[in-house]
Amino acid sequence: MNGTHEDPTPPDVSLDPVAKARLRQQVLVGLEEPARSRRWLVPAGAVAAVATIAAVSTVVATGSGDDELDPLIGRPAARASSTGADAPSSAPTETPTETPTQAEPAAAALEAACRPELTLTKAEQVLTLSDDLASAAFYSNGTRWQLCSVHGDIVTVQADETIARPSRFDSVDPYQVSTDTAVADDGSLTTSFTAGGVLYGDREDYQSIVYTFPGGATVPADFAEGRDGTVYWAMDYTPTDGPLADPTVNQTRLPEIEVAISYNGGSGQGFPLAWGLDTCAQVNHGC
């Protein structure tokens with residue numbers, strides 16, 4: 001999209017189930033890159049508003065990464081197996097290519113799918129992201145924010161939270177993930193994990209937020225500034241191999257998901273995510 005943005009948010013509407021399903025399917029159309037790229041796209045205006053955005057490396061089977069600097073949510077490629085997080089790159093920011101004819105209908109479809117599920121009132125869509133597997137949007141009313149993600153026909157919203165910085169940072173709560181499980185016609189299951197929030201500190205204080213999943217896949221979160229001036233981070237992962245891609249696996253018997261937050265200056269903190277407790281952050285449907 002060009003530097004001038006019109007608010008894509010349509011008025012609240014009530015949709016029948018058929019219309020909602022159609023719109024949900026449209027969410028993944030228009031902002032996609034080829035499947036091999038697995039990239040979230042952020043509107044160009046949001047990209048321009050960020051002076052420095054963390055570089056992330058998409059994990060691939062060989063252990064090498066894509067070190068382009070993009071405001072994208074990191075997602076391992078289909079055969080991801082690396083056990084270590086790649087270091088952020090200092091490469092210059094590149095603005096993803098998109099056109100108004102692609103971005104605006106997709107943003108409107110995402111809005112139509114998410115709006116009926118939100119618990120946050122009088123909120124505007126301030127940041128949208130999309131790739132070939134999922135789309136997401138952050139909403140804000142100026143004091144609180146809420147994350148909505150769409151995987152196929154599953155629309156998921158997490159609890160709305162305050163934008164104000166908390167007095168303590170030693171809690172796993174901001175890093176909990178929502179879980180979506182889609183059942184295909186052949187009975188196979190696909191599970192997606194999504195997390196996101198605001199940076200409760202200055203952008204320059206953060207180096208990375210990285211999730212490590214059972215099987216060794218590491219997924220770094222990305223950072224981008226919304227139209228409300230808030231810097232958000234987000235992570236999305238849909239495993240295609242390894243233990244989490246096994247429809248028969250009992251997740252509670254697997255190692256816990258680990259999240260590591262690294263700050264510039266060498267400090268950091270980390271949290272394990274307890275299955276069921278920290279992996280069911282959605283508020284509009286079950287795990």
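Which residue of S13 stands opposite Gly-197? I looked this up and found Trp-233 in that place.

**Ground rules.** I am working with a predicted model, in which local features need pLDDT of at least 70 and side-chain atom pairs count only at pLDDT 80 or more, while totals for chains, interfaces and linings use all residues. I number residues from 1 along each chain as its sequence is written, and I take side-chain values from heavy atoms, with hydrogens and water left out.

**Strand S9 and its partners.** I took strands as DSSP runs (E, at least two residues), numbered from the N terminus, and I counted two strands as paired if DSSP finds at least two bridges between them. S9 is joined to S13 by six bridges, and the two run antiparallel. Strand S8 (residues 178–183) is also joined to S9 by six bridges, again antiparallel, and there I noted Asp-180 opposite Ser-192. The hairpin of S8 and S9 has five residues between the strands, and in it Gly-187 takes a positive phi near 90°. I then checked burial, where buried means under 20% relative accessible area, exposed over 50% and partly exposed in between (1.4 Å probe, protein chains only). Eight of the ten residues of S9 (residues 189–198) are buried, so this strand is largely enclosed by the rest of the structure.

**The open sheet.** I traced four strands in the order S11-S10-S14-S15, with antiparallel pairing. The edge strands, each pairing on one side only, are S11 (218–220) and S15 (268–273). Three bridges join S10 (residues 206–212) to S11, with Val-210 opposite Pro-220. S10 is joined to S14 by six bridges, and Thr-212 stands opposite Glu-258 there. Six bridges also join S14 to S15, where I found Ile-261 opposite Gln-269. In the hairpin of S14 and S15, with four residues between the strands, Gly-265 takes a positive phi near 110°. S14 (residues 257–263) has a covered face of Ile-257, Val-259, Ile-261 and Tyr-263, whereas Glu-258, Ala-260 and Ser-262 make up the uncovered one.

**Nonpolar cores.** I used the term for a set of buried Ala, Val, Leu, Ile, Met, Phe, Trp, Tyr and Cys residues joined through side-chain atoms within 4.5 Å. The largest core has 40 residues, of which Phe-138, Ile-209, Tyr-211, Phe-213, Trp-233 and Met-235 touch the most other members. Strand S13 (residues 231–237) gives the most to this core, with six residues. I also noted a second, separate core of twelve residues, including Ala-113, Ala-123, Ala-137 and Cys-148.
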